[in-house]
Amino acid sequence: MTTDDEAIRESLEAQGFSNLGDIQYNLTTPELYEHALQYEEGIITEHGALAVNSVPYTGRRANDKFVVEEADSKADVWWGKVNKPFSEENFNALKMRVLAYLQGRDVYVQDLIGGSDEKYSLNVRFVQEHAYHSLFVKNMFIEPTEKQLENFLPGFTVITVPEFKSIPEVDGTLSEVFIILSFKQKLVLIGGTSYAGENKKAIFTVLNYLMPKVGVMSMHCSSNIGTAGDTALFFGLSGTGKTTLSTDPERALIGDDEHGWSDNGVFNYEGGCYAKVINLSAEAEPIIFNLTRTFGTILENVDIDETTRVIDLDSQLHTENTRASYSREVIPNIAPGNKGGHPKTIVFLTADAFGVMPPISRLTHEQAMFHFLSGYTAKVAGTETGVKEPSATFSTCFGAPFMVHHPSVYANLLRDKIEKHGSQVWLVNTGWSGGPYGTGERMKIKFTRAMLKAALNGELHNVEFVKDGFFGLDIPTTCPNVPDEVLNPRNTWSDKAAYDKQAKHLVELFNDNFKQFADSVSEEVRNAMKG
């Protein structure tokens, strides 16, 4: 509803907002569609989704993200490339400029919740200048009940002003874009970019700071639950299959990206999903494919014919990072209450473009800590130079850009919880087999799904395993509905010497990267690659 309600206006004024125009408070999805269309923020596709464009910024701006250096939180923050310090003086000055910019302007306000476990939930207020961002956060976070709204007090506030550009020499930023978090003021400022994902990842970063301080493991992972009540977690970087593999017709989805693990079990931080949809097909990913054709879904930077309104999910016209935002409530099979029990199975996903890691392997607790801290996947180099050699990517905790504390804080929490609850951890490679990218082939998704199914239902618990000679991993010798020769990657290479060389190279990359964590883990974890 559009409101001049004194209560919400007074609440915003108490937060420093003054002389605002109309306050569009907690608008419904149809109302937000109407506003987005009225102000030409997007167009409707042939099937009813809202198509929007965030060009020139079509992904997160990690270099433009800062944490305000404040006395109360300074000692807790893992300062460096990920968490870059920003002075309180500059933050306060920029905040005043943003608040002045909003005077006289209409704003969209959504009061939402991060975290489905009420004991650990965070009330979040989003104040934004674009209708499509208001719809995005409405999709992505948990909507409070009427009773919860009656006494809603923001635990954190996010101000999103894409049309406001910072001035580096005045504001202390690095570019016109800024994403700045203040834990003291419980405030996030986002400006200069329309990429909607900054809103969700900002709150994930906040929860990654708050949750470990109360003993909750904060995780960049997807999660689902089987008919027997068995919960599974899927960790992985972009492109490894985290969303695809957790969206399983045979298992109820808890969430696709961000979760907490408390003494009560696993709970989703969000109320929606933000799926990568490049090259999405109805055959491989029927559930997500259908959701790209649903009213209420936002398609961000997906190529669309403006005459026919037909979408092209294979096109990279704007970016390879095309996205769909939708409420989990439209997914056909979701877990009740947005939560599950303690995970029986944990899966680390990697897309190894070197083609040398096993498609599935069983991890000890020490190996689990090693690979969690490593957060490995591999990407293919740009073709503009004519080179297609893989490059290793290590993102600690499978989500370094969002981790506020030192990685060992999250790793130790994970270790304690898997030991206490007896979770079995598996490493699954959704990348290449039979050779590296350009020579081998991407692992068939039907094989990956079969291996996961066997791991989840216990079929792999009693089969014979062999020790990998390079990574120290336990590889099953057989798996239902998967050819035996696929399970051991060395067997899929025609040139065994080339495999050995490539595997040895990747082991060296792992060990070089892990040197940064050597002083914060046990000797057993440091030597995990030796098996």
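Biologist: How many disulfides does the structure hold?
Modeller: A disulfide is a pair of cysteine sulfur atoms within 2.5 Å. This is a predicted model, in which local features need pLDDT of at least 70 and side-chain atom pairs count only at pLDDT 80 or more, while totals for chains, interfaces and linings use all residues. Residues are numbered from 1 along each chain as its sequence is written, and side-chain values use heavy atoms, with hydrogens and water left out. The number of disulfides is 0.

Biologist: Which cysteine sulfur is nearest to that of C221, and is C221 buried or exposed?
Modeller: Buried means under 20% relative accessible area, exposed over 50%, and partly exposed in between (1.4 Å probe, protein chains only). C221 has 0% relative accessibility, so C221 counts as buried. C221 is in no disulfide, and 12 Å away lies the nearest cysteine sulfur, that of C397.

Biologist: Why is the pair of F136 and Y274 called edge-to-face?
Modeller: Rings of Phe, Tyr and Trp (its six-membered ring) pair if their centres lie within 6.5 Å; planes under 30 degrees apart count as stacked, over 60 as edge-to-face and the rest as tilted. The structure holds 30 aromatic pairs. In this one the ring centres of F136 and Y274 are 5.1 Å apart, and the pair is edge-to-face because the planes stand at 80°.

Biologist: How many residues apart in sequence are the parts that this pair ties together?
Modeller: Helices (H or I, at least four residues) and strands (E, at least two) are DSSP runs, numbered from the N terminus. F136 is buried at 1% relative accessibility, and Y274 is buried at 6%. F136 belongs to helix α4 (residues 131-140) and Y274 to strand β17 (residues 272-276), so the parts tied together are apart in sequence by 138 residues.

Biologist: Which residue lies over the face of F465?
Modeller: A charge sits over a ring if NZ of Lys or CZ of Arg is within 6 Å of the ring centre and within 35 degrees of the ring normal. At F402, K201 lies over the face at 4.6 Å from the ring centre. At F465, the distance to the ring centre is 3.7 Å, and the residue is R362.

Biologist: What arc do the buried residues of helix α2 cover?
Modeller: Helix α2 (residues 29-38) has T29, L32, Y33, H35 and A36 as its buried residues. The arc is that of the directions from the helix axis to the C-beta atoms. These residues are on the same side of α2, because their arc is only 165°.
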